[in-house]
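Work through the exercises below with the structure in view. Try each task before reading its solution.

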Amino acid sequence: MVAGETVTLGKGAKIGTGCDLRAGELMLSPGCEISRGVSILVAERFELGPASRVSEGCHIVCRDFKAGRFLYLGQQCAVGYGGTNESSATVALGDDVALGPHTILNANHPVELGDRVGSGSHVSLWTHGFHFGHSILDGYRATFAPIRIEPNVWLGYHATVLPGVSIGMNTIVAAGAVVTADMPGDYLVGGVPARAIKPLAPQSLSSDEREAMVVSVLDLWANELTYKGIRVRDTTYHGAAWARSIGGCFFEEQVVAFVPEINQARSVRSMSSNKSAIVLTFSSISNIQPGCLEDKILMSISDKKIDGDLGRLGHDLRDKLRRHTIVFNYDSVYSSIEPEAFRKLRDL
């Protein structure tokens, strides 16, 4: 069923069977993916940014739902849970928000999550609470208040956030915590009720240490590719800290290389000699010599940008890097190559 006033389905939107969209201003940006079994009922606006994914069994009911790029709502997430057709029922999610399965956003009052807010499963955010047996006329209190969570916050498994709470930037909320009051930024918080446990501060890594981190993830990726039935061979690439020649039954052999800085002339000549290559680098795309990477796919860690059209191998690499917190802006949902053992079973 597709109904409502002003329904706009963007180019490339995938809507699974059984979806009941309805509307009152429903907008889906290019590349959005909505799996089967999703029910969306919005009185005024529903808007998803590019490369968003709403998994099977999610239920979204509110007055205004807006999410940025790369939204991920895990299976059985729910936006609603009482009073969510009122004027105050609004949800605003930033870019790169990823909420685990069975998460509840009770949006009777505004719920605002900043960029890169993530959660484990069974997390709940409540903007109101009351009980008929405890009347306000008997001196009890019914609570109605918004929730605001600033960017880069992680909510651990089974964490609960109660009405009126704000959580500061870069904070981690421990599993099982019940957050009843505002929490500062840059802290580990936990407990029932939650309290600030210790400050969090990122480590300052040298260039060599940063390169070693990337190489360690690439080694893990190469091992996974072998498990998936893909051929991986060592190769050489001038200026590369890591290079492999990779080939599969559904894509031509490609060189994948991590070249931390590619402004050196030898690196550029080496890249020009290999027409099929994915180059991972810390160098900014804007600073790379024009034309030197023709027919190459360039993945700049510093820019979080990708220049070129990712094939199946490139998407698998992007997904592996994401799983290890190295992310890139690219207007498609994350995908990976299915292991050979599973592919064989599906082909039966």
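## Exercises on salt bridges, pockets and surface

A network of salt bridges links Asp 219, Asp 234 and Arg 244. The model is predicted.

**Exercise 1.** Describe the salt bridge between Arg 233 and Glu 253.

*Solution.* 
- Step 1. The N to O distance of this pair, Arg 233 and Glu 253, is 2.8 Å.
- Step 2. Arg 233 lies in strand β26 (residues 231–234) and Glu 253 in strand β28 (residues 251–258), 20 residues apart.
- Step 3. Arg 233 is partly exposed, at 39%. Glu 253 is partly exposed too, at 33% relative accessibility.

**Exercise 2.** Which helix holds both Asp 319 and Arg 322? Follow Arg 322 to the largest pocket.

*Solution.* 
- Step 1. Both residues lie in helix α3, three residues apart, about one turn of the helix.
- Step 2. The side chains of Asp 319 and Arg 322 meet in a salt bridge of 2.8 Å, N to O.
- Step 3. Asp 319 is buried at 10%, whereas Arg 322 is partly exposed at 30%.
- Step 4. Arg 322 is among the lining residues nearest the centre of the largest pocket, as are Asp 96, Ala 98, Thr 325 and Val 327.
- Step 5. That pocket has a volume of about 1200 Å³. Its lining has 34 residues: 17 nonpolar, nine polar and eight charged.
- Step 6. α3 gives the most to this lining, with three residues.

**Exercise 3.** Which residues form a nonpolar patch on the surface?

*Solution.* 
- Step 1. The patch consists of Phe 130, Phe 132 and Phe 144, with about 390 Å² of accessible area together.
- Step 2. Phe 144 sits in strand β17 (residues 143–144).
- Step 3. Its relative accessible area is 41%, so Phe 144 is partly exposed.

Notes
Residues numbered from 1 in each chain as written. Predicted model: local features only at pLDDT ≥ 70, side-chain atom pairs only at ≥ 80, totals over all residues. Heavy atoms only, no water. 1 Å grid on protein atoms, 1.4 Å probe; cavity = no way out; pocket = protein on both sides within 12 Å on 5 of 7 lines; lining within 4 Å. Points joined across faces, edges and corners; volume = space filled by probe spheres on them. Helix = DSSP H or I, 4+ residues; strand = E, 2+ residues; numbered from the N terminus. Nonpolar A, V, L, I, M, F, W, Y, C, P; charged D, E, K, R; others polar. Patch = residues over 30% accessible without salt bridge, like charges linked within 9 Å, V, L, I, M, F, W, Y side chains within 5 Å. Areas by Shrake-Rupley, 256 points an atom, 1.4 Å probe, with all protein chains shown as cover. Salt bridge = Lys/Arg side-chain N within 4 Å of Asp/Glu carboxyl O. Buried < 20%, exposed > 50% of the residue type's maximum accessible area, 1.4 Å probe, protein only.
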